[in-house]
Amino acid sequence: MTTATIKDHTTLTGPASDGRLDAESRAATPHTARVEVGVDVAVLVSGLFKRYADGTEANRGIDLEVRRGEVVSILGPNGAGKTTFLRQLTTELRPTAGRIEIFGEDAVAHPQRVKRMMGITPQEAGLFERLTVREHLEFFARFKSLSKRDARNAAREVIAELGLVAETDRPVGALSGGQRRRILIGLALLGHPPLLVLDEPTTGLDPSSRRAVWEVIRRAVAKGSTVILSTHYMEEAERLSDRVGVIVAGRMIAFGALEELLSRLDRSYRLSYRDPLDPLGDLVVRRFVSFAEAQRHVARESLSEYSISRASLEDVYFSLTGEQFDGDTGGVST
Amino acid sequence: MKRATDIATVFRIQLAGMRREVGPFLLAALVFPSAMYLFAVAVGGAEVAHEQNRLRYLAGSVVFSLSLTSISWLGYLLLENRFTGRLKLFATLPLAPSSYVLGVLVFALAQSALGTTTLLLVGRALGVQMRPNFALLVVVIVLTILCLSGLGVVVAARARSFSEGSLLTDTLGAGLIFLAPVYYAPEMMPHAMSVFARLLPTSFAARAVEVALAGGHDIGVELLALGLMATVTLALGFRLMRWREN
């Protein structure tokens, strides 16, 4: 039995039992069991290294294992190597070194075979301005080996799922950016591929469209898909993911379930308030080991308006990447 | 089976796009070449009385149409697909790059069939005497299209920007006509230039179309040259058109 460990970080464990996965998936991925490689693995990445022609090392030894039915979010600052990582997963980019297996198939050696198992939404891709929404989906369904009738049905189903029924016969050139983005996601969903790789799927969408896309992703997972997505939205990663990976400077510096990542924070309570002496000033953020400690600080400073919350993925992210919120005092505890 | 479906689907996508861009296509495939025919007849003066010249002008216009549709127009479509991110969309699919290129080539062939047929009808209406050897004409047209489309694919695959590629395809599409002895006899060119011009694919194509329109069949050399050029340009185009980057 092989146990998989992401570098020197969190040992792989099962997804949080928060009801996000269906019963079958949960049964297949017990909460704390270590993974037996090859049995239940959707994506296996080991020693992935990517050096571009100009010498830039965008990925420097990434290991990752994603189980069937999981939703894994990849976070990281701009330029950290997230998109490079996903482009190698989707076979668009050839790795300099390392191995990628999709459902046991070597993605580097057999890109066409693994693409049959994937639905992919690239970060930036163009649509055909003069083709209608329906035409896009029907044509692209045909590429996924669906018969004409199945392609028509799949297009209808995806259009309904994405809330684009009113736009069915409109040319894509007449649609908003958010609607186009939804079409790109729809193209990935066609044919119910077992793996969805979505590069920043909700970037540029308004809050309501974003939630609609989350629902679409959840439904795909409920139907058995595994999802790997990159995002800059912490809320998105928190709400959708079973596990989260953080890439910084080409390395996966953390990977695990949300609770595991949160447990890595020394001070997991966050107190936010405005300085009573400067009520118009920036929000002050301080972190504490315990709720009681945060309350003591409130009493000591005689704060009347404040909020105390458990740390979130955002706190973990900023802690890991070394970035800071505006007004964050840097985790100072009194 | 999957390959055939993929090629047909790429063709249908291009066709659906063209349905809504029929104006520019008609300009490239029909209006400009027809205008060039009339222009050549007008400036040809007394020579026009010679039926052979009329046939040469018509053959030249057919090749002009093929050049504009396969290099300029098709190259533009490929460049647009590449630089607007559509190629990236195709690359996400279980679709071989060769199927994509073949689908586009089938589209080019369909366009050229439409353009050539219409031009021949225009020629007939304008009184050009011809006894086309249709079987041979089809072979010539197919080889010409493959050869010129190969050039379009190479330019579209290698261009560093949309504007650079667009300029190149436009220049090649028209330039290969005006540099070749298509609308005039090769003897009218400076010697050094005529040697170069005779080697252009459009020169071979124009002579082959002219002979085929006259009902002749002595174009073995032209067919061989076009076949070789088509093989080279397409092989290069297929090689350069990749989904996967290093």
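Analyst: Start with an angle and a distance. In this predicted model, helix H4 (residues 133–143) of chain A packs against helix H6 (residues 177–189) of chain A at an angle of about 25°, and their axes are 9 Å apart.

User: Is the arrangement of H4(A) and H6(A) roughly parallel or roughly antiparallel, and why?

Analyst: Angles under 35 degrees count as roughly parallel. The angle here is about 25°, so H4(A) is roughly parallel to H6(A).

User: Is the crossing of H4(A) and H6(A) left-handed or right-handed?

Analyst: H4(A) and H6(A) make a right-handed crossing.

User: Which residues of H4(A) and H6(A) meet?

Analyst: H4(A) brings Val133(A), His136(A), Leu137(A) and Phe140(A). Across from them, H6(A) brings Ile183(A), Gly186(A) and Leu187(A). By class, this contact has five nonpolar residues, two polar and no charged.

User: Now a single residue. Where is Val45(A) placed?

Analyst: Look up the element, then the surroundings. Val45(A) belongs to strand E1 (residues 41–51) of chain A.

User: Is Val45(A) buried or exposed, and why?

Analyst: Count the neighbours. A residue is buried if 20 or more other C-beta atoms lie within 10 Å of its own. Val45(A) has 24 within 10 Å, so Val45(A) is buried.

User: Which residues does Val45(A) touch, leaving out those up to four places away in sequence?

Analyst: Val45(A) touches Ile62(A), Asp63(A) and Leu64(A), along with Gly98(A) and Ile100(A). Sequence separation is another thing to read. Ile102(A) is 57 residues from Val45(A) along the chain, with 8.8 Å between their C-alpha atoms.

User: On to the interface. How many residues does each chain give to the contact?

Analyst: Read each side by itself. Chain B gives 25 residues and chain A gives 24 residues. On the side of chain B that touches chain A, helix H1 (2–19) and helix H4 (86–91) of chain B are the elements that give two or more residues. H1(B) gives the most, with eight residues.

User: How does that side of chain B divide by class?

Analyst: The side of chain B that touches chain A has nine nonpolar, seven polar and nine charged residues.

User: Last, confidence. What scores go with the complex and with chain B?

Analyst: Take the whole, then the parts. The predictor gives the complex an ipTM of 0.81 and a pTM of 0.78. Chain B has an average pLDDT of 87, and 96% of its residues score at least 70. Among the elements of chain B, helix H2 (residues 22–44) has the lowest mean pLDDT, 80. Helix H9 (residues 201–213) of chain B has the highest, 94.

Conventions. Residues numbered from 1 in each chain as written. Chains lettered and ligands numbered in written order. Predicted model: local features only at pLDDT ≥ 70, side-chain atom pairs only at ≥ 80, totals over all residues. Contact = placed C-beta atoms within 7 Å. Helix = DSSP H or I, 4+ residues; strand = E, 2+ residues; numbered from the N terminus. Nonpolar A, V, L, I, M, F, W, Y, C, P; charged D, E, K, R; others polar. Buried ≥ 20, exposed ≤ 12 C-beta atoms within 10 Å, placed from the backbone. Axes fitted to C-alpha atoms, helices over the stretch in contact; angles between N-to-C directions. Parallel < 35°, antiparallel > 145°, perpendicular 65-115°, else oblique. Left-handed = near helix turned anticlockwise from the far one by under 90°. pLDDT = per-residue confidence, 0-100.
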